Structure formats: structure tokens, C-alpha cells
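Please keep the sequence and the structure in view while reading.

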Amino acid sequence: MARPEPHLRMLDRYLINAELNGVEALIVANKCDLRPREEIDALFAPYMAIGYPVLYTSAAQNAGVEELRTRLANRISGLSGPSGVGKSSLLNRVQPGLQLRTSAVSDFLNKGRHTTVVAELHPLDDGGYVADTPGIREMGLWQVPPEELAWSYREFRPWVDQCFFQPCSHLHEPNCAVRAAVDRGEIAAVRYDSYTRLHEELSAEVAY
């Protein structure tokens, strides 16, 4: 939640990949001791409103660790995110004895240092396995046609078939049910803005 700052655009990319591949997503907001609770709630309210579970944790204060341990039990899971968000520190709390290498965030760049260099699957005492993965700076959306992007935003799905024009990009067409839902507040503006940026990015890749 701080050092480094939350990157919601990257979070949206993770969720898109999860939706397209049928993977159950759990949003883990670590370092919650470094930011006021009301700010954290405001950041993640759009995600909780559409059904994504959000777990607040602090590896430093051992907060939320027991619930994370319960959610990981008897599953095959992976922790992924930018460098410096505390993935390895959390896993050290979840599974005592792992002794995964950790390091502090760079004061100069306010970015994490790569301490995990390969993905490694670790068995859990409560059953299941969890992978600690290297931190990433960017996440691509491979082979996602722009016209399929709207489906990966789960809150768009009730509206995509109600647009006057089919197919609809939900960017500029008149009588677009998705944009109307945004205007009514039924789709969060921050999520729609994320969609428009990614749609433009994917369209540019297709054109190239």
C-alpha cells in the first residue's frame, strides 16, 4: 500500500488475465500499516463492489496473515505483483521456516529490489502449495483482441449485449449501454478509464 505506491493499472491487468483464464483472484493489499484505512478502502471499493475479495495484510505487523494462510490452504496458488510489495515477507509469515530472501525498497527510486529471481513452488503445512514469483515491472496482455476486452471486466457483462450497435467498442458509439451504466454510477469511472486505456493500447498493437 506504500513504498512502492499501489499500481491499479497493473492490478487490472492481473484481473483481466485471471478472468480470461478462469483463475480465481484474491487481491492482497499488503503494507496496510503504512496508509490510513479510509484511503485503502477508497482505493479498493470499486473492486469489492464487483465481487473481488480484498484482504488487507501487513507482514511487518503480522496482520491478516492467518486469513491468508486459511485462503491458501489445500490449493495451488501463486503470489504475484511488483517488486517490493512484500510477497516473500508475507510467505515467510504464512509458512514459518521458509526463510525466503527479502530486501528493503530503494529510497531513491521508491521501487522494490528483485530478491526472488525464479518462481518456486513451496508446500504448505496446512495443505497445498504456493508459488513465490519474481516481482514484475510490466504485465502484457498477450493475444487479447480489443473486441474481447470488455468481457474481462466482469461488471461490464450485464450491459455489453444491450448496446444498440453490435459489436460495440464502448468508446464512442451512440446508445452504448456500458457508457450509460458508467454515467449512472453502476460501473466505476476508474474502471471504465482503465478499460479505455487498455482498449486503445491493444488496438494500437493490432494496427502495428
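## Salt bridges

Glu-39 is partly exposed, at 38% relative accessibility (partly exposed lies between buried, under 20% relative accessible area, and exposed, over 50%, with a 1.4 Å probe and protein chains only). This is a predicted model, where local features need pLDDT of at least 70, side-chain atom pairs count only at pLDDT 80 or more, and totals for chains, interfaces and linings use all residues. Residues are numbered from 1 along each chain as its sequence is written, and side-chain values use heavy atoms, with hydrogens and water left out.

How many salt bridges does the structure hold? There are 14. A salt bridge here is a side-chain nitrogen of Lys or Arg within 4 Å of a carboxyl oxygen of Asp or Glu. Three of them are listed below, among them the one that Glu-39 forms with Arg-35.

| Pair | Closest N and O atoms |
|---|---|
| Arg-13 and Glu-201 | 2.6 Å |
| Glu-39 and Arg-35 | 3.2 Å |

Arg-13 forms its salt bridge with Glu-201. The pair links distant parts of the chain, 188 residues apart: Arg-13 is in helix α1 (residues 8-21) and Glu-201 in helix α7 (residues 189-207). Helices are DSSP runs (H or I, at least four residues), numbered from the N terminus. Arg-13 is buried at 14%. Glu-201 is partly exposed at 29%.

Asp-193 and Arg-197 both sit in helix α7, four residues apart, or about one turn. Asp-193 is partly exposed at 29%. Arg-197 is partly exposed too, at 48%. Elsewhere, salt bridges with shared partners join Glu-5, Arg-35 and Glu-39 into one network.

Methods:
Helix = DSSP H or I, 4+ residues; strand = E, 2+ residues; numbered from the N terminus.
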